[in-house]
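Work through the exercises below with the model open beside you. Try each task before you read its solution.

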Amino acid sequence: MYKYHCLNPIAAVGLDKFTDKYEAVANMGDADAVLVRSAVMHELEFDKNLINIVTVSRMEATMKGTDRIPEVCSILKKKYGNRFHWYVVGGGPDLNTCEKRAEELLLSDCLTFVGQKSNPYKYLSKADICLF
């Protein structure tokens with residue numbers, strides 16, 4: 001029998017009648033380790049005068065829809081100008097396609113594909129907005 005897992009007990013509120021179908025799992029990660037890893041310096045300097053957006057995702061259009069990132073960024077740029085910078089952390093089969101599309105749309109000033117990183121927390125800690 002399959003079970004649904006809720007990452008915290010609050011997500012499980014109202015599911016009492018389905019106790020045989022779900023299980024609440026609290027704090028699957030090590031919060032202290034995340035805080036330590038988020039304090040590590042990284043090679044990018046985020047501009048504090050901009051809104052810094054960070055996405056951490058596998059670059060896979062079919063499952064994740066990450067192929068839309070350059071198009072969405074282009075819309076944001078047209079609407080808001082250069083008041084933001086979007087960093088995408090992650091690798092995958094569609095990374096090169098997204099990078100090429102970003103080049104075609106002239107987004108190098110507001111969209112950076114960082115690639116696969118073993119420590120995404122150091123990027124997330126500098127973000128004003130996190131998109132997952």
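Buried means under 20% relative accessible area, exposed means over 50%, and partly exposed lies in between (1.4 Å probe, protein chains only). This is a predicted model, in which local features need pLDDT of at least 70 and side-chain atom pairs count only at pLDDT 80 or more, while totals for chains, interfaces and linings use all residues. Residues are numbered from 1 along each chain as its sequence is written, and side-chain values use heavy atoms, with hydrogens and water left out.

**Exercise 1. Overall layout**

Task: State how many helices and strands the protein has, and give their pattern along the sequence.

Solution: 
- Step 1. Take helices (H or I, at least four residues) and strands (E, at least two) as DSSP runs, numbered from the N terminus.
- Step 2. The protein has 5 helices and 6 strands.
- Step 3. The pattern along the sequence is β-β-α-β-α-α-β-α-β-α-β.
- Step 4. Of the 132 residues, 32% count as buried.
- Step 5. A contact means heavy atoms within 4.5 Å. Among contacts between residues at least 6 apart in sequence, 69% join residues at least 24 apart.

**Exercise 2. Threonine 66 and proline 70**

Task: Is threonine 66 buried or exposed? Which residues does proline 70 touch?

Solution: 
- Step 1. Threonine 66 sits in the loop between α2 (61–64) and α3.
- Step 2. Threonine 66 is buried, because its relative accessibility is 4%.
- Step 3. Leaving out residues up to four places away in sequence, threonine 66 touches Ser57, Arg58, Met59, Glu60, Ala61 and Cys98.
- Step 4. Proline 70 belongs to helix α3 (residues 69–80). Its relative accessibility is 0%, so proline 70 is buried.
- Step 5. With the sequence neighbours up to four places away left out, proline 70 touches Cys98, Arg101, Ala102, Leu105, Leu107, Leu111 and Phe113.

**Exercise 3. Phi after the helix**

Task: What is the phi of leucine 106?

Solution: 
- Step 1. Leucine 106 is in the loop between α4 and β5.
- Step 2. Its phi is positive, about 55 degrees, although leucine 106 is not a glycine.
- Step 3. Most residues other than glycine have a negative phi.
- Step 4. Leucine 106 counts as exposed because its relative accessibility is 64%.

**Exercise 4. Salt bridges**

Task: How many salt bridges does the structure hold? Where do arginine 101 and glutamate 71 lie?

Solution: 
- Step 1. A salt bridge is a side-chain nitrogen of Lys or Arg within 4 Å of a carboxyl oxygen of Asp or Glu.
- Step 2. The structure holds 4 salt bridges.
- Step 3. One of them joins the side chains of arginine 58 and glutamate 60 (3.0 Å, N to O).
- Step 4. Another joins arginine 101 and glutamate 71 (2.6 Å, N to O). Arginine 101 is in helix α4 and glutamate 71 in helix α3, so the pair ties together parts 30 residues apart in sequence.
- Step 5. Lysine 77 and aspartate 109 also meet in a salt bridge (2.9 Å, N to O). Lysine 77 is in helix α3 and aspartate 109 in the loop between α4 and β5, 32 residues apart.
- Step 6. Salt bridges with shared partners join Glu71, Arg101 and Glu104 into one network.
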